[in-house]
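Let's take a walk through this model together, one chain at a time and then across the boundary between them. Keep the viewer open as you read.

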Amino acid sequence: MATNNEMLTPREAARLIGVSYPSIKQWILTGKLKTVQTPGGHHRIAQSNLKPFLEKDKAKPTIASRERFRRVSGRNQLAGKVVSIRIEGLLAEVILAVGDTNVTAIITANAARELQLKKGDTAAALIKSTDVMIERLD
Amino acid sequence: MTISARNQLPGRVEEILLGQIMAHVTVRVGDNLIESVITRRSVDALQLKTGDEVKVVVKSTEVMLQKD
């Protein structure tokens, strides 16, 4: 399972939950948002600490996830926010927070650059329904 | 069972449409509905019914990304 605890800078966190950078700074100063500090004294926020704020962000009107990008035939379009990007050689690993879970995508490094993906960006994961397997839980 | 696939999303079966050879299974994962097309044989082998707790499994190389 993809790790659910990426560390984000205050600026990335602000983009992720849709508030301004000064608001995030204020929340850190007042203790509303817990952070860990780097050896250099910079704040880093764990993705899991942003969950309650993401819930509130969801309350804003959004387009139904399957109707978001109707130009493509793919049945599964999961809208989420980019929480991690790692580009290495030819490939890139992009992790998207979708609701309570993370979705990992491996795309080419060129595709990641072309999309100009950054942490906090809104993007959708697109999965052909024939590529989806079902595992029974017992 | 351990599977290497990076994406394993827990959900509940909401609808199963059976065809002659294939079956269309819709799973609710949080607020999202995920559609899966698997063989009818698999549905029978797994004895899938609506309301069952399942995991939706997707290899990360099968996931495309789209930006507005």
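A word on conventions comes before the tour. This is a predicted model, so to speak of local features we need pLDDT of at least 70, side-chain atom pairs count only at pLDDT 80 or more, and totals for chains, interfaces and linings use all residues. Residues are numbered from 1 along each chain as its sequence is written, while chains are lettered from A and ligands numbered from 1 in the order in which they are written.

Chain A has 4 helices and 8 strands. Both kinds of element are DSSP runs numbered from the N terminus, helices being H or I with at least four residues and strands being E with at least two. Along the sequence the pattern of chain A reads β-α-α-β-β-α-β-β-β-α-β-β. Of its 138 residues, 33% count as buried; a residue is buried if 20 or more other C-beta atoms lie within 10 Å of its own, exposed if 12 or fewer, and partly exposed in between, with C-beta atoms placed from the backbone. Among the contacts in chain A with a separation of 6 or more, 51% are between residues 24 or more positions apart. Here a contact means that two C-beta atoms, placed from the backbone, lie within 7 Å.

Chain A is divided into domain 1 (7-58) and domain 2 (65-129), with bounds that come from an automatic or database domain assignment. The contact between them takes 5 residues from domain 1 of chain A and 5 residues from domain 2 of chain A. On the domain 1 side, helix 1 (residues 10-17) of chain A gives the most, with 3 residues. That side of domain 1 of chain A divides into 2 nonpolar, 1 polar and 2 charged residues. In this count Ala, Val, Leu, Ile, Met, Phe, Trp, Tyr, Cys and Pro are nonpolar, Asp, Glu, Lys and Arg are charged, and the others, Gly among them, are polar.

Next, look at a sheet in chain A. Its 3 strands form an open sheet in the order 1-3-2, with antiparallel pairing. Strand 1 (7-8) and strand 2 (36-37) of chain A stand at the edges with a single partner strand each, so one side of each has no neighbour in the sheet. Strands count as paired if DSSP finds at least two bridges between them. Strand 2 of chain A pairs with strand 3 (residues 43-46) of chain A over 2 bridges, and the bridge partner of Val36(A) in strand 3 of chain A is Arg44(A).

Further along chain A, Lys128(A) lies in the loop between strand 7 and strand 8. Is Lys128(A) buried or partly exposed? Lys128(A) is partly exposed, because 18 other C-beta atoms lie within 10 Å. Lys128(A) and Arg75(A) are 53 residues apart in sequence, yet their C-alpha atoms are 6.1 Å apart in space.

Now turn to chain B, which has 1 helix and 5 strands. From the N terminus on, its elements run β-β-β-α-β-β. The C-alpha trace of chain B spans about 35 × 30 × 20 Å along its principal axes, and buried residues make up 29% of its 68 residues.

Strand 2 (residues 22-29) and strand 3 of chain B pair in the antiparallel sense over 8 bridges, with Val29(B) opposite Asn32(B). Their hairpin has 2 residues between the strands, and Gly30(B) takes a positive phi near 60° there. Strand 1 and strand 4 of chain B are also antiparallel, paired over 6 bridges, and Arg12(B) stands opposite Glu53(B).

In a regular strand the side chains alternate between the two faces of the sheet. Strand 4 of chain B has Val54(B), Val56(B) and Val58(B) on a covered face, and Glu53(B), Lys55(B) and Val57(B) on an uncovered one.

Finally, where do the chains meet? The contact takes 31 residues from chain B and 36 residues from chain A. Strand 3 of chain B provides the largest share of the chain B side, 7 residues. The chain B side divides into 15 nonpolar, 8 polar and 8 charged residues. Strand pairing crosses between the chains too: strand 7 (residues 122-127) of chain A runs antiparallel to strand 5 of chain B over 4 bridges, and Leu126(A) stands opposite Met64(B). Likewise, 4 bridges join strand 8 (residues 133-136) of chain A to strand 4 of chain B in the antiparallel sense, where Met133(A) has Val57(B) as its bridge partner.
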